Amino acid sequence: MSTEPALQYALPDARGRFGEFGGRYVSETLMHPVEELQRAYEKARDDRVFQAELSGLLKNYAGRPTPLHFARRLSEHLGRARIYLKREDLLHTGAHKINNCLGQGLLARRMGKKRLIAETGAGQHGVATATVASLLGLECVVYMGEEDMARQAPNVFRMRLLGAEVIGVSAGSKTLKDAVNEAMRDWVANVESTHYLLGSALGPHPYPMMVRDFNRVIGQEVRAQMREAESRLPDALFACVGGGSNSIGLFYDFIPEPSVKLVGVEAGGRGTALGEHAARFSGGKPGVIHGMYTYVLQNSDGLISNTHSISAGLDYPAIGPEHAELHRQGRAEYTRVTDGEALDAVRLLSRLEGIIPALESAHAVAEVVKRAPRMGREARVVVNISGRGDKDLGIFQDAGIL
Amino acid sequence: MATVCTGRIETLLRERGPDGAGRLIVYLTAGDPSLEDTEKLLAAVDRGGADLIELGVPFSDPIADGVVIQRASERALRAGTTLSRVLARLPRWRQAVHAPIILFGYYNPVLQYGLERFARDLAGAGAEGALLVDLPPEEAEPCVAAMRSQNLDLIFLASPTSSDERLELVSRFSTGFVYIVSVPGVTGERAVLSGAVAPLAARIRRFTNLPLAVGFGISSPEQVRQAQALVEAAVVGSALVRTIEESYREHGGQAIERFVRWLISGTGVQFTMETQRHKD
C-alpha cells in the first residue's frame, strides 16, 4: 500500500481561494487584523515550539489520539460493510471543537491578545472556547442565538461555569448565523485586544485554512488507525457538514486518494422549501456572507435565508469554501438527512453500540444507515462521531425517541 | 486603475459650500419605514441642505452596522425593500432631489443582481456611485470594472487600523472620495469625534488628492464642524436614522429637514445631544 498521496492538492492559493471560493470579504477595519492573523498563523505553523505545545495539549489535556472503534453490531445490523466510528466525542468538552480551540487559543496568546470571542450554535464550540480561555487565563465572551440558548441550555450553563460571558443574540432567526454577525461586530470594535476564535472552517482567509489545519489531525489518525486495523485505506468517509470543520478535518488527508469516497451530510431539516433546511448544495447558490464567497442559502434578491435543523450545529445558511470547491470538483459528495432520520440514528447507535451521538454527528450515521445495506462485503467505511449527545438529551426526550 | 474619472462627487466635495463650510453627507436606509416614505425623506434631507446622499440598501446581515441602522434595515426589509425595488424607483427619487445620490450597502445583493446590470441601472437612474462595506479592494476588480464602464464612482473605506500599504491600495481604487471610518467599530453615534481622524487623514493625503469624508459616530453640529475642519466632508448616518425612527411618523418630513438644517447650522433648538441620547 502506498503511503504517498496520489494527487497534488494545495489549496487555498495565496489569496485564500479554494478555486473560485473563499477570499476575504470584510470591511476595511478588519482587513489589517485578518492579515495580521494570517502572518501569525503561518509563522506558528512552521514553529516547532508552537507545534510541540499544541501536540502536548492535544494529547494530555484533550485526550488525543481518539479511538477508531469497529462498530461490530451496527455493521452486522446493516449488512456486510465494516463500519468504523472515529470517536471525537471522547475528547475533552465532548466534541472535535477543542482541536481548533487549543490551536487558536495558543495563537491568540502568542499574538498578545487578552480576550477571546466566539460564536456558537450547539454550544460545543462555545464550551471549547470557554475551556481554552480558562486554561490559558484569557477573558472570554461567547455569542449565541437565543433560540439555541433555549435548546442547548446545558452548554450555556457549562460556559458560564467555565467563567465565560454568554451573550444572547435576538436578531434574525436567533441561531448560528446571527451569533456570527454579533461576534464580528464585537471584533471590529475590539481588534486590538481581542482574537475572534471562529469555530468552523468558514469566514475570511485565513480562517477556513487554519481551522482545517487544526482539525486535520482527525484524518491523519484515521489513516494510521485504518492501516493498523485493515492494512488499507477506507473506501468511504462520512461526516456531517455545518460550517464544515469536522468533515474537512476528516477528509483533508484523503483528498489526494481517489479511491476514498468523501461524503458530507447536510441538514435536510423538515422539508425542501427555503427556510426548512440547511442543505446549501441542493438549495443554495454562490454568494458572499461572513467574509467568504461560497454556497449560500439565499433568496433571489441576495438576502440570506433563515434555516432550520433540529441540530443547532448544522443550522447555518453557508458552507466552508473548501467544501464548495470539493463539491465543484466532484471530489466530495454532499447529501442531506432529515431531522427524523437523524433522531432514528441516535436511537440506533445508542442501542447497538452504547454510544449516544450528538444530533450533528447522527446525521452522518443516518447516511451510513441508508447506504450500508447496498455496500459490498469488502467495504470499509469510517463515520466521524464528531460530538457526544449529552447536550441533546432534552431534545431526545421531547422528540420521544425512546 | 487605468482610467481616472473626475466625477461630479469629487468636484462637489472639493468645493466648499457658499459660506466656506465643508460638505455634509447624510445616510438613510431605503425603505425605512417604507419605499413610499423614502421619496419624501430624500426630498426632506435635500431641502435641509445635505450636499450628498448615501442611500442604504437594507441587507439581512448588516454586520458593519450598529443597532440603529440594524433596526432600520429590519423595518425596510419587512416593508419589502429589495435592491431591485430600490433601483426601479431610483430614477424618480433622483429627479426629486438636487443632491447627488450614491448607494451604500453590502456586496451580496449587488453580486446576485449582476455587477454589469447593477452599474447600468445605477447610471440609468442618474446616481453617481456606490460604497459596498464588505468589498475591500482585493476582491473588487470585477465590480470596479463594471462601475468604471458606466463612469460611476466606487468608494472605498479607510480605517484607523489600515496600514500605509492598505491606505495606498484604498487610495488607488477609490474614486469620488475616500471614506474615513473614524473609529474601529460598527456604525453608531459617539459622544466625541475620535482623535484618530486627524492623523489618519494626514496619512491618506500622502497617497491621494481625492476629497476625504469622515463618518461613523458623527451626530451633532459640533462634531460635523470638527470633522469638516479636518477633511472635506462629514457623514451623519445613525443620528439621522434614529431621528427618522423617533420623529418622522409624528412630525413628517419637516422634522427631518429641520434636523439636517440643525446639523449644518447648529441652530433649531429641539435637537440637543441630551434628547438624542436618552435611548442609547
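Guide: Happy to! One term to begin with: angles under 35 degrees count as roughly parallel, over 145 as roughly antiparallel, 65 to 115 as roughly perpendicular and the rest as oblique. This is a predicted model, where local features need pLDDT of at least 70, side-chain atom pairs count only at pLDDT 80 or more, and totals for chains, interfaces and linings use all residues. Residues are numbered from 1 along each chain as its sequence is written, chains are lettered from A and ligands numbered from 1 in the order in which they are written, and side-chain values use heavy atoms, leaving out hydrogens and water.

Visitor: Okay, at what angle do helix 4 and helix 6 of chain B pack?

Guide: About 30 degrees, with their axes 8 Å apart. Helices (H or I, at least four residues) and strands (E, at least two) are DSSP runs, numbered from the N terminus. Axes are lines fitted to C-alpha atoms, for helices over the stretch in contact, and angles run from 0 to 180 degrees between N-to-C directions. Helix 4 of chain B and helix 6 of chain B are therefore roughly parallel to each other.

Visitor: Which residues meet there, in helix 4 and helix 6 of chain B?

Guide: From helix 4 of chain B come B:Leu83, B:Leu87 and B:Leu90, and they meet B:Phe118, B:Asp121 and B:Leu122 of helix 6. Contact means heavy atoms within 4.5 Å.

Visitor: New topic: what is the strand order in the open sheet of chain B?

Guide: The order is 5-4-3-2-1-9-8-7-6, a sheet of 9 strands with parallel pairing. Two strands pair if DSSP finds at least two bridges between them. At the edges are strand 5 (153-155) and strand 6 (157-158) of chain B, each pairing on one side only.

Visitor: And where does helix 4 of chain B touch the sheet?

Guide: Helix 4 (residues 83-95) of chain B touches strand 2 (52-56) and strand 3 (101-105), and its direction makes about 160 degrees with that of strand 3.

Visitor: How many bridges join strand 1 and strand 9 of chain B?

Guide: There are 4 bridges, in the parallel sense. In that part of the sheet, B:Leu24 stands opposite B:Ala234 in strand 9 of chain B.

Visitor: What about chain A: how do helix 1 and helix 8 pack?

Guide: Their angle is about 85 degrees and their axes are 9 Å apart, so helix 1 of chain A and helix 8 of chain A are roughly perpendicular to each other.

Visitor: How many helices and strands does chain A have?

Guide: Chain A has 16 helices and 14 strands.
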